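Subject: Structure handover

Hello,

Here is the structure I promised you. Please open it first, then read my notes on the salt bridges below.

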Amino acid sequence: MLVDAFYVKNVADRLTENIERLIIGKSSVIKLALCSLFCEGHLLLEDIPGVGKTLLAKALGRSLGLSFGRVQCTSDLLPSDILGVNIYNQASGEFKFRPGPISNNIVLIDEINRANPKTQSALLEAMEERQVTSDGEAVSLPRPFMIIATQNPIEYEGTFSLPEAQLDRFFIKASIGYPDFDSEMIILEQRGSENEHLVYALDPLPDLLAIQEYIEKVFVEDSVKNYILSIVRYTRNDPSVFLGVSPRGSIALQKASKALAAIDGRDYVIPDDVKLAAHPVLDHRLRLAYSDSSVSSSADFIDKVMRSIAVPV
């Protein structure tokens, strides 16, 4: 099968149309979810309950014919509840690994900040190495593999903030937000989650692994690479920033730009792709200096950066 930018765009358009049967009026969020999936990255959705985070994860898995697992995080959740556990088989006299919900293609970690730090850290290996370790034995996770985690930005009681190392493993951070009036009217008429059957598996199923390999081949001209590095390095040198973007962040920004280019049907990156990727890729990788009041949030700072860096022609 020939996989090129036209093929990627066709798959992205079909997926978006299919998922929008259930997630109404949120094509921009769906595009970011596809960008993360095509880059073998993980997605963090920071939003209030009830806006469709679970439906988005389910619709994505169903559209691609992938397995779906869900974990509802609580303070007493154990790592083995997510990763799996070795069970002794009396008949054979051996231990057999029983995989947890992490051993699915699409895994929703609901309210991840309610899990205790030990359980949060257990996810690091799965997110980075695509494997879990049980009793010293590594067990590979299926491919493709993507974690979609959610957290509530309003309620903080009984929660544990995600450490920087954990946040840095999330390829993209996004928010679904409230629907507009017309979209919510359609949701009322459809009665929301009762219409999950509207989303179906694409026929034929797209070759997702081939798409992920193709993204690496999308061309990035030197001036665009310089643009990416200028943005990232600005975050490390500004006095209003306590913790700037790491090299993992610069790699993610370039890769996301490649995916967005391919989703738009191009085999080369333009500065507009970088601009579109900047906020979802970089916002959660920054920590501002509390003593500086010139910017109020990471998003405001990225806006300042994008205004300050010259766009390549």
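Start with Glu128. Glu128 has 36% relative accessibility, so this residue counts as partly exposed. The model is a predicted one, so keep that in mind as you read.

What does Glu128 meet? Its side chain forms a salt bridge with the side chain of Arg169, at 3.4 Å from N to O. This pair joins distant parts of the chain. Glu128 sits in helix H5 (residues 117–129), while Arg169 sits in helix H6 (residues 164–169). They are 41 residues apart. Arg169 is partly exposed too, with a relative accessibility of 22%. The cut-off for buried is under 20%, so Arg169 does not count as buried.

Next, look at Arg143 and Glu40. Their side chains meet in a salt bridge of 2.8 Å, N to O. Glu40 is partly exposed, at 29% relative accessibility.

Now a pair within one helix. Lys9 and Asp13 form a salt bridge at 2.8 Å, N to O. Both belong to helix H1 (residues 5–19) and are 4 residues apart, so about one helical turn separates them. Lys9 is partly exposed at 31%, and Asp13 is partly exposed at 38%.

Last, find the network. Salt bridges link Lys31, Asp264, Arg266 and Asp273. In total, the structure holds 15 salt bridges.

Best wishes

Terms used: Residues are numbered from 1 along each chain as its sequence is written. This is a predicted model: local features need pLDDT of at least 70, side-chain atom pairs count only at pLDDT 80 or more; totals for chains, interfaces and linings use all residues. Side-chain values use heavy atoms; hydrogens and water are left out. A salt bridge is a side-chain nitrogen of Lys or Arg within 4 Å of a carboxyl oxygen of Asp or Glu. Helices (H or I, at least four residues) and strands (E, at least two) are DSSP runs, numbered from the N terminus. Buried means under 20% relative accessible area, exposed over 50%, partly exposed in between (1.4 Å probe, protein chains only).
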